[in-house]
Amino acid sequence: CCCSLGVPRSSMLVMATVPAITSVPSAPPSAPPSAPPDYDPCDEELCADDPPVAPPSAPPNSGQATADVHFVGMKGGKFDVKGDDGAVYCLFSVQDLALNARFTHVNFKLPDFDPRSLVIKMVHGSVLTEAFITLRLPSEELLRVRYLASQPYTACFWVAKENDVRSGQVGLDETMCLDLKVMPALDFGKKVRIAIVKASPVAFNVVSDAWNITISPGGFKMSKGSDIGKRIDVAVNPLKKADTNNVVPHGLIGQSYHDSSAVQGKMDQYIPDVHGEYATSAEGEGAIEGNIDDYMIVGDPFGTTFRWSRFDDAKALPRNVNKLLGQKLLGTLHVSGAANGDTPE
């Protein structure tokens, strides 16, 4: 189910000196018990001397993106997005932080415990297969991290001067990778931590001073045979400083952060055709501003530019939910967002 990276050589980064790496744990720790939803793992010193641990459990209505791809907004609203095959879309954009993901079209079976599997023999849908994260560090360098469904135990990253990135004067000449057994985590000063953490069985975690992003590998039943395809799921959780920023987030997940209600968008209904097959088609209609094409990242998959980008903004206001056509429901008090997929078995 995984596609090739498809990143032009000229668009990638040379690894520069990593600023202020405060700790490199020598061995992967066991995950502690789940923390409460409002847990801030970096409230004091951004875990400067702590080993990587599993991120806090997401609240019931966490903002998520999973196959097929099923989204949950920051206030609990639900919608589905199929996306174009191989295309990269922005899931989350805020000042100095962007999260993009690649959508890949796949044919799969619903899990056996799903009663719909009795009548639907194949789904023509999509999954997330790659994540691309860009952060602007206090040093004014850009940190770029790539996480692949096909390589769940590693996450490769590059750091380079922003001017060099913008001018295209960098190439994929040197990379560094996190590894659960060798180098599970890195801190960049007291603002950013990236880590491969033990979960079920593993997850990739990015923590800034205001946001906690967790990317988890998952699977799905291929349409033929007994093979399990590979995908990733995404969850975004705010930390205490998220509310102090003058730039409100956007992207497919982030735009609902300041909503007064949970906005429901179009969701696939899974009604089979005469052959027992179903093709997904929802593109977030009713729950997102504009249309799905407005969120596409063209060219460099680490790019931060799209219609609603907030990466370089100094101020941005919340969206007007009254302009959205989706059903408005009572929103959850817990704010987080995600994109998730169907379980394989």
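1. Basis of the note. This is a predicted model, in which local features need pLDDT of at least 70 and side-chain atom pairs count only at pLDDT 80 or more, while totals for chains, interfaces and linings use all residues. Residues are numbered from 1 along each chain as its sequence is written, and side-chain values use heavy atoms, with hydrogens and water left out.

2. Cavities. Rolling a probe the size of a water molecule over the atoms shows where empty space is left. A cavity is here a set of points, on a 1 Å grid over the protein atoms alone, where a 1.4 Å probe fits but cannot get out, and its lining residues have an atom within 4 Å of a point. Grid points are joined across faces, edges and corners, and the volume is the space filled by probe spheres set on the points. The count comes to 3 cavities of 30 Å³ or more.

3. The largest cavity. Its lining is made up of 13 residues, and G73, F79, S256, V263 and R319 are those that lie nearest the centre. Strand 15, residues 261–264, gives the most to this lining, with 3 residues; strands are DSSP runs of E with at least two residues, numbered from the N terminus. By class the lining has 5 nonpolar, 5 polar and 3 charged residues, where Ala, Val, Leu, Ile, Met, Phe, Trp, Tyr, Cys and Pro count as nonpolar, Asp, Glu, Lys and Arg as charged, and the others, Gly among them, as polar.

4. The second largest cavity. About 40 Å³ of space lies in this one, and its lining includes V248, P249, H250, Y257, L317 and R319. The classes here are 5 nonpolar, 4 polar and 2 charged residues.

5. Salt bridges. With a salt bridge taken as a side-chain nitrogen of Lys or Arg within 4 Å of a carboxyl oxygen of Asp or Glu, the count comes to 12. One of them joins the side chains of R102 and E130 at 2.7 Å, N to O. Because R102 lies in strand 5 (residues 97–109) and E130 in strand 6 (residues 122–136), this pair ties together parts that are 28 residues apart in sequence. Both R102 and E130 are buried, that is, under 20% relative accessible area, whereas exposed means over 50% and partly exposed in between (1.4 Å probe, protein chains only).

6. Two further salt bridges. The side chains of R231 and D233 meet at 2.8 Å, N to O, and both R231 and D233 are buried. In the pair of D294 and R307, the closest N and O atoms are 3.0 Å apart. D294 lies in the loop between strand 16 (277–279) and strand 17 (296–297), and R307 in the loop between strand 17 and strand 18 (327–330), so the pair ties together parts that are 13 residues apart in sequence. D294 counts as buried at 17% relative accessibility, whereas R307 is exposed, with a relative accessible area of 55%.

7. The disulfide. With a disulfide taken as a pair of cysteine sulfur atoms within 2.5 Å, the count comes to 1. C156 and C177 form it, with their sulfur atoms 2.0 Å apart, and the link is right-handed, with 85 degrees about the S-S bond. C156 lies in strand 8 (residues 154–161) and C177 in strand 9 (residues 176–179), so the pair ties together parts that are 21 residues apart in sequence. C156 counts as buried at 11% relative accessibility, whereas C177 is partly exposed, with a relative accessible area of 29%.

Note on methods: On a 1 Å grid over the protein atoms alone, a cavity is a set of points where a 1.4 Å probe fits but cannot get out, and a pocket is an open set with protein on both sides within 12 Å along at least five of seven lines; lining residues have an atom within 4 Å of a point. Helices (H or I, at least four residues) and strands (E, at least two) are DSSP runs, numbered from the N terminus.
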